[in-house]
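Subject: Structure handover and notes

Hello,

Please find the structure below, followed by notes on what was found in it.

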Amino acid sequence: MDYRTTLNLLQTEFPMRANLPAREPDFVRWWEENDIYAQVRQARVGAPRWILHDGPPYANGNLHLGQALNKILKDIAIKYKTLRGYDCPYVPGWDTQGLPTELAVQREYGLNRHQVDVLTWRGKCRELALKYVDLQREQFKRLGVRGDWEHPYLTLSPQYQARQVEAFGKIAERGLVYRALRPVYWCYRCETALAEDEVEYATKSSPSIYVAFDLTNAHDFFSSLPAGARARVLIWTTTPWTIPGNTGITLSGGATYVLARSGEDYYLVAEDLLAATAAAAHLGECESVERKRGMDLVGLVAQHPLYDRPSPIALGEHVVLDQGTGAVHTAPGHGLEDYEVAREYGLEIISPLDDYGRFTAEAGSALEGQVCDQANEQVLELLTCAGALLERGEIDHEYPHCWRCHLPVIYRATKQWFMDIEKLRTPALAEIARADWMPSWGEARISGMVEARPDWCISRQRTWGVPIPAFHCTACEQTLTNETIANHVRDLILAHPRGADVWFEKSAEELLPPGTVCPECGGSSFTKEGDIMSVWFDSGVSHYAVLRAHEELGYPADCYLEGDDQYQCWFQTSLWCATALGDPAPFRLVVGHAFFVDETGTKMSKSKGNIIAPQEIQDKYGADVLRLWFTYADFRRKMFCSEAIFEQVADAYRRIRNTLRFLLTNLQDFDPATDSVPVEEMRALDRWALGQTSALVERVTHGFDDWDLHLFYHHLHAFCARELSSFYLDVLKDTLYTDLPDAPARRSAQTALWQILQRLVIMSAPVLTFTAEEAWQQCRRLDPSQPLSVQMADWPVPDPTVADAELMARWDRLMVIREQVMVALEEAKQAGTVKKPLEAHVTLTAAGADLELLREYEAELSPSASPSPSASASPSPGPAPSPSPSPSPLPELFIVSQVRIEEGAGELQVQAQAAEGEKCARCWMVLPEVGSDQEYPDLCPRCAGRVRTLVELGS
RNA sequence: GGGCCAUUAGCUCAGUCGGUUAGAGCGCGCCCCUGAUAAGGGCGAGGUGCGUGGUUCGACUCCACGAUGGCCCA
């Protein structure tokens with residue numbers, strides 16, 4: 001007889017093979033059709049809110065891995081908080097304006113912005129940005145990210161732009177923006193100023209030149225200088241083209257300088273650098289004739305070698321004596337430190353370059369029209385003619401490059417708009433101290449940056465962006481901007497279907513409040529400002545344009561979560577804008593995550609060709625595996641990427657999935673409402689399992705609370721592999737398969753399995769968002785009273801009462817004994833005395849506490865030992881069902897056929913040998929009693945009894 | 001060059017307050033099972049705790065210097 005039909009071998013619709021790439025889109029659709037975002041919100045009405053404010057990714061191309069990580073971490077946090085009972089509105093956003101879009105329009109549409117009118121250009125930019133918003137929105141949804149995707153915030157929307165202009169007006173009204181001539185990073189190819197965070201450093205080869213400037217009043221400072229002798233100060237620079245902008249020479253006040261004779265001439269250089277300079281500039285034998293400290297040389301004046309103008313000596317903190325001559329060429333229009341020195345010493349600030357980097361007439365007819373850094377040769381020629389060039393070589397050094405076109409940038413003095421950081425620094429630092437930072441060193445990081453940050457250049461010479469709402473009086477050139485003007489422009493933007501386009505459509509008169517006159521000269525004729533705001537200002541006011549503007553959100557946000565490059569960018573710009581508006585910090589907690597590196601530990605970049613697209617992983621393994629990978633490592637440290645790691649994560653996924661599948665399978669004939677067993681009636685084994693689950697809940701909860709997301713993976717996976725698969729579920733198989741369906745032991749086990757399953761599924765939902773939903777829908781078939789989606793469930797709470805500490809401690813020892821039994825079984829297997837553990841007989845020789853523990857456990861009344869209620873309640877008049885002893889608890893625990901306990905002395909001894917008796921055809925245990933039942937001679941008594949009962953029930 | 005951070009098994013991580021023989025899962029090797037089966041189980045081998053000094057009765061843990069790597073800045 002085939003006894004398989006008498007076993008509880010169940011099946012589930014939860015497949016072993018996930019086939020995630022193909023099936024995940026069905027869940028995306030299902031969530032959308034059921035508007036799960038809204039339903040989840042509805043389920044949390046009235047609950048405390050937890051708001052994560054989305055830092056807007058730039059809508060420019062397919063999602064890359066970093067953006068996927070960022071959004072998924074946010075999704076995990078939001079889903080976790082929701083399950084914990086918070087109401088978490090999530091409004092995703094996009095950064096849609098600025099140079100990258102303009103460059104993309106140029107590239108993708110083959111358009112040149114100078115060949116079309118500004119409104120056409122802006123229209124193309126809008127079109128392209130919206131295209132990428134749609135693309136990325138679909139990609140985020142595909143990754144399982146939940147949010148209000150139908151109502152995202154876009155920086156190009158009239159509502160956003162209006163709030164941004166309003167914010168600018170408030171900040172201007174508070175006197176915190178100013179317009180000034182200042183050197184800024186300038187990319188003449190992109191024709192725009194660049195912010196500090198828009199330049200990247202790369203190695204560049206530059207000329208290395210030594211130039212002599214004749215001193216005009218050296219005799220007043222150096223008594224040793226013979227009358228009539230020529231004295232010169234020697235400078236070193238790597239940018240010859242900035243020589244035309246030279247208006248001074250800076251020394252270190254504390255350093256010692258020497259006047260050194262070389263042939264007939266005398267050279268002024270730092271004493272410590274004399275030898276190196278003499279060698280580099282071919283001065284030959286040098287003799288130091290007089291020493292002076294830098295601070296005693298103020299008043300000394302040099303003569304510009306190319307122009308008839310002075311170049312006075314100044315002092316600066318930035319002068320260091322590690323290279324060069326100790327005398328620093330100072331071109332205030334071409335360097336920030338030079339600019340600071342110029343302001344202090346009243347040096348002239350000139351910048352003889354136009355927007356395209358070409359020398360203007362101010363640089364002289366020999367250079368006019370030439371592109372600055374391509375004119376180095378001409379400058380060197382001029383210097384040679386003037387007898388001022390002592391040496392020219394080459395040097396490789398780190399030099400700033402444009403983040404967009406990756407070519408070297410220049411410093412150029414232009415009229416720019418700045419936020420006055422100096423006035424905001426102290427309050428900003430106070431806000432940083434008030435906020436929480438994760439990891440905690442983020443606070444020190446951003447504080448250091450904020451302390452050192454110069455005034456923030458917020459203007460850009462472009463058109464795809466929000467205009468700076470300012471006007472210039474045509475009569476007296478006075479610049480006019482204030483809250484009233486900004487609010488008037490704001491209203492016009494809000495009233496226009498394409499928002500800020502109105503600025504470019506209308507004249508200054510139409511844009512200004514009627515009757516505006518110049519407060520300086522009373523004039524009434526104005527031109528409008530031509531600059532737009534930096535994209536960093538766009539996103540920097542998102543808390544004002546979004547958090548404060550959406551009723552369902554609020555200020556400040558509970559959490560900002562971005563890549564740790566944002567300590568320098570969005571975290572800071574958001575803080576500056578808030579502080580400038582007089583607001584507290586827009587965040588209570590700031591979380592920073594690291595970036596990806598390849599298997600060798602070097603960062604991913606397009607140029608290295610080691611980029612992995614999130615779509616690749618999603619299409620090969622599924623979004624859930626991608627999401628699981630993001631919790632595989634600690635996101636606060638660099639995250640390694642390699643095929644081997646993906647395989648490992650995919651393996652881990654399968655283990656978790658199969659564990660869920662086993663639980664679901666063995667619950668198919670379980671109705672939680674009617675079959676559940678109260679905890680106090682459950683078997684110790686099952687209570688132990690629930691105790692372990694409770695500990696897991698506690699660990700995973702702590703992990704999420706402390707942002708140790710990787711602990712989710714490690715704890716969950718270890719629990720599935722160790723506590724469940726290799727022990728609990730394995731031990732349970734005999735009961736689950738061979739007991740009568742509603743035997744108390746089996747129902748006790750199923751009660752535990754049901755509770756474990758639910759807890760695992762809910763705890764997996766933030767990360768394994770698709771798989772948890774799939775499993776949840778299976779759970780709902782067993783218990784239809786459950787919420788529609790796992791996302792509406794409640795996070796489990798640890799329940800230590802299911803298993804007291806004493807029980808757990810006894811089990812700890814039992815597990816150690818079990819390990820010893822396994823070793824003995826392995827040895828017997830190797831020795832050939834036992835083929836497989838289930839056919840073994842184990843003898844334990846124990847003493848003291850162990851003996852007591854084993855006997856106590858052995859004596860525990862196993863519910864299987866008593867006839868099942870249905871069996872005993874069976875009215876069948878025939879022979880009473882024979883008692884069906886379960887395997888006593890110890891064989892069950894060790895998964896062997898027979899166990900004998902003997903009293904001994906000393907350490908526990910374990911022996912394994914082949915069990916005597918025949919193998920039961922149904923439960924596969926080897927027992928001497930097999931054959932004793934006349935009706936079923938190939939079964940053990942307990943199986944015979946069960947089969948008899950089943951036959952009676954079936955008839 | 002400066003700031004912040006990291007470094008524990010092939011991989012990813014644990015390790016309380018400084019205290020026995022440094023743990024887990026995966027992977028790997030050998031074996032078992034075929035009633036979780038494109039599954040499941042057992043055993044085993046893997047560590048100079050980045051290096052060098054120092055503090056201490058005692059250091060993976062604290063300190064200093066250095067190496068390597070990451071982010072940011074110059």
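Asp634 touches Met639 and His710, leaving out residues up to four places away in sequence; contact here means heavy atoms within 4.5 Å. Asp634 sits in the loop between helix H19 (623–630) and strand S26 (639–641). Helices (H or I, at least four residues) and strands (E, at least two) are DSSP runs, numbered from the N terminus. With a relative accessible area of 14%, Asp634 is buried. The terms are set as follows: buried is under 20% relative accessible area, exposed is over 50%, and partly exposed is in between (1.4 Å probe, protein chains only). The side chains of Asp634 and Arg636 are joined by a polar contact of 2.9 Å. A polar contact is a pair of N or O atoms within 3.5 Å; within protein, one must be able to donate a hydrogen and the other to accept it, and residues adjacent in sequence count only if both atoms are side-chain atoms.

Some conventions before the rest. This is a predicted model, in which local features need pLDDT of at least 70 and side-chain atom pairs count only at pLDDT 80 or more, while totals for chains, interfaces and linings use all residues. Residues are numbered from 1 along each chain as its sequence is written, chains are lettered from A and ligands numbered from 1 in the order in which they are written, and side-chain values use heavy atoms, with hydrogens and water left out.

RNA strand B

Of the atoms of RNA strand B that come within 4 Å of the protein, 75% belong to sugar and phosphate.

Base nitrogens of RNA strand B are also approached. One is 3.1 Å from an N or O atom in the side chain of Ser725, and a polar side-chain atom of Lys733 lies 3.2 Å from a base nitrogen. For Arg922 a backbone N or O atom is involved, 2.8 Å from a base nitrogen of RNA strand B.

By class, the surface near RNA strand B has 20 charged, 17 nonpolar and ten polar residues. Ala, Val, Leu, Ile, Met, Phe, Trp, Tyr, Cys and Pro count as nonpolar, Asp, Glu, Lys and Arg as charged, and the others, Gly among them, as polar.

Helix H26

Beyond its neighbours within four places in sequence, Trp811 is in contact with Ala684, Leu685, Trp688, Phe727, Tyr857 and Leu893. Glu826 is also placed in H26, but counts as partly exposed at 37% relative accessibility. Glu826 and Lys836, ten residues apart in sequence, are 9.0 Å apart from C-alpha to C-alpha.

Second largest pocket

The second largest pocket holds about 1,100 Å³ of space. On a 1 Å grid over the protein atoms alone, a pocket is an open set of points where a 1.4 Å probe fits, with protein on both sides within 12 Å along at least five of seven lines; lining residues have an atom within 4 Å of a point. Grid points are joined across faces, edges and corners, and a volume is the space filled by probe spheres set on the points.

Of the 33 lining residues, Thr238, Thr239, Val328, Glu337 and Asp338 are the closest to the centre of the pocket. Strand S14 gives the most to the lining, with five residues. The lining divides into 16 nonpolar, 13 polar and four charged residues.

Thr250 lies in strand S7 (residues 248–251) and is buried, at 0% relative accessibility. Its side chain makes a polar contact of 2.6 Å with the side chain of Thr330.

Tyr356 is in the loop between H8 and helix H9 (376–385) and is partly exposed, with a relative accessible area of 37%. Tyr356 and Glu191 are 165 residues apart along the chain, with their C-alpha atoms separated by 6.2 Å.

Regards

Technical notes. A residue is near a molecule or strand if one of its heavy atoms lies within 4 Å of it.
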